[in-house]
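I opened this notebook page to record what I looked up in the structure. The entries follow in the order in which I made them.

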Amino acid sequence: MGNEVRNRGERAGSAGCEAAGPGVGPFQARMELLAGRALPAPARMAAPPATNENVRKSMRGNKRADTRPELVMRARLRAAGLSGYRLQWKVPGHPDVAWPGKKVALFVNGCFWHRCPHCNLSLPKSNVEYWVVKFARNVERDEQSRAALEALGWKVHVVWECQLKKKTIDATMAKLLPALAEELGKELAAGSDGRPG
């Protein structure tokens, strides 16, 4: 799939790496391997203790909103003249950016937590059972949120953190901004490629 923006109407199952066969990435393969073991019940699990102080600081530094990728995305949207959005709108999944009047939602997903189909990320090496369950729930929740929004008539877009890096952001925006402008019934700013002033 390369680094194209993926409309959430597509299923993530076939987007994984091909290392373990078509549509089966290391995460899915590990989940299947562990599926035979008794995993914890769906109730919320306590996070395992950090293996060292650097890991602890890194995990505590994770933010729920206003992450760097989200700020980059919002700057590009404003530069393209696609303002008027709301943040963390109170609909299923709380989209990072939403235009409620037009029923358009945009999720800016972190590659690690949401298991990016482009990055081929490995699982953490310790507490594997915890992480398999945690990531599976994250992916399932994302799919449920997308399905619920689409059932309510929303158009849903997902942009991955890796698609907002310097090497890929221009291609990402070249595909995303015209689609958003059309759905919102807005004109892109003259000569805009979404780059802030």
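Before the first entry I note the convention for elements: helices are DSSP runs of H or I with at least four residues, numbered from the N terminus. The model is predicted.

**Entry 1: helix 6 and its end.** I looked up helix 6, which covers residues 169-184 and has 16 residues. From its first C-alpha to its last it reaches 21 Å, close to the 22 Å expected at 1.5 Å a residue. Just after helix 6, I found G185 with a positive phi of about 70°.

**Entry 2: the buried residues.** I then asked which residues of helix 6 are buried. They are I169, T172, M173, L176, L177, L180, A181 and L184. An α-helix has 3.6 residues a turn, so residues three or four places apart point the same way. I noted that the buried residues of helix 6 pack against helix 3 (68-79), and also against strand 3 (97-99), strand 4 (104-109) and strand 5 (155-160).

**Entry 3: helix 3 against helix 6.** I looked up how the two helices meet. Their axes come within 11 Å and cross at roughly 55°, which makes helix 3 oblique to helix 6. The crossing is right-handed. On the helix 3 side I listed V72, M73, R76 and L77; these meet I169, D170, M173, L176, L177 and L180 of helix 6. The residues of this contact divide into eight nonpolar, no polar and two charged.

**Entry 4: R141.** Lastly I located R141 in helix 5 (residues 128-151). Is R141 buried, exposed or partly exposed? R141 is partly exposed, because its relative accessible area is 44%, between the 20% and 50% cut-offs. R141 and G93 lie 48 residues apart in sequence, and their C-alpha atoms are 7.8 Å apart in space.

How values were computed:
Residues numbered from 1 in each chain as written. Predicted model: local features only at pLDDT ≥ 70, side-chain atom pairs only at ≥ 80, totals over all residues. Heavy atoms only, no water. Expected span 1.5 Å × (residues − 1). Buried < 20%, exposed > 50% of the residue type's maximum accessible area, 1.4 Å probe, protein only. Contact = heavy atoms within 4.5 Å. Axes fitted to C-alpha atoms, helices over the stretch in contact; angles between N-to-C directions. Parallel < 35°, antiparallel > 145°, perpendicular 65-115°, else oblique. Left-handed = near helix turned anticlockwise from the far one by under 90°. Nonpolar A, V, L, I, M, F, W, Y, C, P; charged D, E, K, R; others polar.
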